[in-house]
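Please keep the sequence and the three-dimensional view at hand while reading.

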Amino acid sequence: MIRHRLTRLALSACVFGVFASGSASAKDYFLKAERVEIPVQDVDANGAPVTVMVPMWGYAQCAAKDPNQCGTATVPGPEITVKENENLSVFVYNDLKTSAGDHVELDAGRTSFTVAGLRLRLNYGPIFWGPSKFDPAGDPDQPRRVRSMTQEARPGQWQRYSWLWKQGDLKPGTYIYHSATHPAVQVQMGLYGPMTVLPAAASEVYHGVSVDAAVDIFYSEIDAAFHADVDKGLDGYNPIPQPGNPAGARTSPLVYSPTYYLVNGKPQVDGVFAPTWDDPASGGVTGAFYDRKTLVRFRSAALRSRIPMTTGATAFDVIAETAEPYYAPPGQEVTVAARRQNAILLPALTTKDAIVQGGKEGATLIVDRALGETNAGGMNTFLVLPDKLQVYPPVCTPAGNLIARVRTNSSLGDQQVINFKISNGTPADDLIINNVPAQAQFAGKWQYRSILVNSPFCAPGTVVTLSAMSGSGGFHSDTVTIE
Amino acid sequence: MAKISISKAALAVSAVALGVTGGAFAGVPGYVDPTPGSANFDLTVDAGYISAADGSVIYMWGLHTPDRSLMQYPAPTLIVNEGDEVSITLTNCLDGEAAAENTSLIFPGFDVTATGGVAGAATREAAPTCNAADSVTYTFTADHAGTFLYQSGTNISVQSEMGLGGALIVRPTGFLHRDEMDIPDARPTADPTVATEDPFNYVPQSGNQIAYGTGTDFDYEYLYVLTDIDPDIHEMVRIGDMAGAKSRDGKAVYWMINGRAGPDTFFANDVPWLPTQPYGSMTQMQPGQKVLVRTVSLGRDLHPFHTHGNNLRVVAVDGNLLSSVPGSGIPDLGFSDFTVSGIPGQTFDGVFEWSDLGMGWDIFDEATQHPVEWHEPSARTDGTHGGVIPVSLPGIPDLTFGGFYSGSPYLGSFGQLPPGEGGLNLNGGFFYMWHSHNEKELVNNDIFPGGMMTMLIVEPFLDGNGDQLVIPRGSIFEKTAN
């Protein structure tokens, strides 16, 4: 007989990882704020592809309170996820440098951390420029000028930021964390990231609101000239050309003109949705199965208002903004009155949460209707609500042929593209069969696709993996050992 | 310059006069399929030019129906009925243009099946060949009523700017125009036995002339497609510099309602000197009536739409009734505001009402206005009947005038004006400006006034000759393409 091990890979399931991460009462995150170069695929004046490296400041996640145990910084930063009944501590290490590796002169090289919408416990801010107990070397000429809303991390040092659940500091919702030091510069340089507070009850995203999966769509902007000048360590804002500095010093976004529009950290060129075996989401975000509830957490760290708009039938049932659910009637936390919209206004540093539940599987292009796009791409992404493919364990016939079989659940019926990949662990033997035809005798809502394949898959002891992918990005696989 | 604008304004008024007295429709035409139960449309993309009210000419890409040889801006308003199987065939005639490229149409909120053409990011696209073999047909069931938009789904950041977008109106099941119901045109009806806060004892005559359900009945409906234009992008596209157009940080200098910059917005539909901008947006109503304001935002910037005269009660967003009880048709979650955000990619429906309730004086001058039944004291519950203006009116030497002042503060009345003043107010109506409250948008490339601005005229019930003044059903009215 067949012993099979199920490795069903529903991409949406990864979001549940955070639910399963235990009920520890304390959660610590270690972030290193550092200089990082983000590659952007642009085109030059002749239309030829060119990779532009944009200097930014980002957060790298560290395994411990040790700046040598960190990954590479990303923009937006790593997602911080915490339950409302946990204590949260975020330790920030300040490793900000200029392109030459020098100390950042701007804002005395300090940085800090806050979450808009959540009360920081033990907040020693605001921090002034003048000398203080925390900064005896401060500038005596600017005693009452604020530099930071919260306590700062000095260059080469850690600073701790805490939220205590017993004090009611954590409230379920979709948030953005960011630097609280001279945010006009530091946030735009890239010091921001997604934060999510989950209710204590599993599967809930707000009190009384349960979903099957949650996905993130995070918008941000880059004005490359600003990044370059801050990165060079230029001092002071002066957009007027100077001798030796013909472009002037644009060290603030006062004159602001984005050159790149990013969704989830990069500009997206809106090509045809084409899932691959390596990346079934292929430039999109994958939610729950099309007939289930997917929460889309929209966040924007862009300075200009962005407007995600559906291009298809997938409407957004907006249930919350800036982590405030639309509870109706007010005063209870049981039911929300969703506001169904095709386009959502997302001003700077705000969040909105929308539930999508499609009647149809597939990928829907979500565009920024504020038209954030350049030749490098823009704020376009595919929201993928996959079909629930059921992959049957491959079996061998007495004649030694392998039967690969999949059930689809799509309203698209026989128009749906289903591809098979059969593997025995030897890449040269991989068999990919595109557009496996539907079986007419099963026409209806449930569709079966099966195909008969010759060896080399049916020798005893062969470990065979059958993978199936729908044209909408749904991806499942099943592995058996032929006995 | 001033002379030109005056003569334009005068033309506007004569056009409105035609609209009122000649029986022409005052609102915006929308295309219907003349075959009952059918909703098939052919749309062609062409390049063309529009003019702004400062005299400049702007290169555009636009859509049009077979009855027109020129593209139009905005795209043709399409009217279908709830439940219709809508079929729209798109042919791309951008061939020959320097930046010719594929194009497509999306219908946010509807489950569209596209056939023909080539695959694109959002939907299937038509290549610029002007060949029916490359056309794309979009079909969908208009499964919910409301105000929607349709627009290009290809190279959206440029093609939206270039003009490829318009309004789609889905009439609810059971919708009937008033004149199809064999009841008189809307006007207040005398019913002295009814005690009501409505100063005119207004008995709604709209029947099943509704936008969504019973809570959204209206007398007139008007369309406001809000757009903005950065002409530099258009010029780049015209000369074929698509890369330049795409990388430009768009900054609008023209702001339009229904494809026209104010004061061209005052002109009637289809005036011959604006051949690619067929839609006006002058709004007319009479006291006590309900105007459905269908707003479609297709620019790149937010436009705070501000209604003088009264608040606007928003009843739906993106074709979704603001209701706590789905299916009830009652917009109980609607809200009242004097400035409503026009958010690009969104539509909203508002109900606007105007009366003199609470003013404390009688807007009709007893001495000169015609006594009519509904104007009897018993029908006025707020005590304003016969109420006089509670201030001493200044004499003519102490007044300044505009073209819209009739010379009398009373509705439907005229007064003495110095030579050269007034003259733009045919019926003695009250004029209220409806406009973007982003004040910089009230210009045409820095020439004030203009931009995203039109007028509401509260008209009297009797015209200057004492005849009943009827605003034609108009508003958004049906027109066939063939």
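## Terms and conventions

Two strands are said to pair if DSSP finds at least two bridges between them. Helices (H or I, at least four residues) and strands (E, at least two) are DSSP runs, numbered from the N terminus.

This is a predicted model, in which local features need pLDDT of at least 70, side-chain atom pairs count only at pLDDT 80 or more, and totals for chains, interfaces and linings use all residues. Residues are numbered from 1 along each chain as its sequence is written, while chains are lettered from A and ligands numbered from 1 in the order in which they are written.

## Chain A as a whole

Chain A contains 2 helices and 36 strands. Its C-alpha trace spans about 90 × 60 × 45 Å along the principal axes.

Of the 483 residues in chain A, 47% are buried. A residue is buried if 20 or more other C-beta atoms lie within 10 Å of its own, exposed if 12 or fewer, and partly exposed in between, with C-beta atoms placed from the backbone. Two residues are in contact if their C-beta atoms, placed from the backbone, lie within 7 Å. Among the contacts in chain A between residues at least 6 apart in sequence, 72% join residues at least 24 apart.

## Two sites in chain A

Strand β2 of chain A (residues 26-43) includes Ala33(A). Ala33(A) is buried because 28 other C-beta atoms lie within 10 Å. Apart from neighbours within four places in sequence, the contacts of Ala33(A) include Trp57(A), Tyr59(A), Asn94(A), Thr111(A) and Leu191(A). The C-alpha atoms of Ala33(A) and Pro155(A) are 9.8 Å apart, although 122 residues separate the two along the chain.

In helix α2 of chain A (residues 224-231), the buried residues are Phe226(A), His227(A), Asp229(A), Val230(A) and Asp231(A). The cover over the buried residues of α2(A) includes β3 (49-62), α1 (183-186) and β16 (213-222) of chain A. After α2(A) comes Gly233(A), with a positive phi near 80 degrees.

## Where the chains meet

The contact takes 33 residues from chain A and 31 residues from chain B. On the side of chain A that touches chain B, the elements giving two or more residues are β20 (308-310), β23 (339-341), β25 (362-368) and β26 (373-374) of chain A. The residues on this side of chain A comprise 15 nonpolar, 13 polar and 5 charged. Here Ala, Val, Leu, Ile, Met, Phe, Trp, Tyr, Cys and Pro count as nonpolar, Asp, Glu, Lys and Arg as charged, and the others, Gly among them, as polar.

## Chain B and its helix α3

Chain B has 4 helices and 24 strands, and 54% of its 482 residues count as buried. Among contacts in chain B between residues at least 6 apart in sequence, 70% join residues at least 24 apart.

In helix α3 of chain B (residues 231-238), Ile233(B), His234(B), Met236(B), Val237(B) and Arg238(B) are buried. Elements covering the buried residues of α3(B) include β3 (57-64), α2 (156-162), β12 (220-229) and α4 (242-247) of chain B. Gly240(B), which follows α3(B), has a positive phi near 90 degrees.

## Sheets and strands of chain B

Strands of a sheet pair through backbone hydrogen bonds, either parallel or antiparallel. One open sheet of chain B has 5 strands in the order β14-β23-β22-β16-β20, with mixed pairing. Its edges are β14 (283-285) and β20 (339-342) of chain B, each of which has a single partner strand, so one side of each is left without a neighbour in the sheet. β14(B) pairs with strand β23 (residues 453-458) of chain B in the parallel sense over 3 bridges, and Met285(B) stands opposite Val458(B) in β23(B).

A further open sheet of chain B, also with mixed pairing, has 5 strands in the order β3-β2-β5-β9-β6. β6(B) pairs with strand β9 (residues 136-141) of chain B in the antiparallel sense over 4 bridges, and Thr139(B) in β9(B) is the bridge partner of Thr113(B). In strand β4 of chain B (residues 75-81), 7 of the 7 residues are buried, so this strand is largely enclosed by the rest of the structure. β4(B) and strand β11 (residues 165-171) of chain B pair in the parallel sense over 5 bridges, with Asn81(B) opposite Arg171(B) in β11(B).
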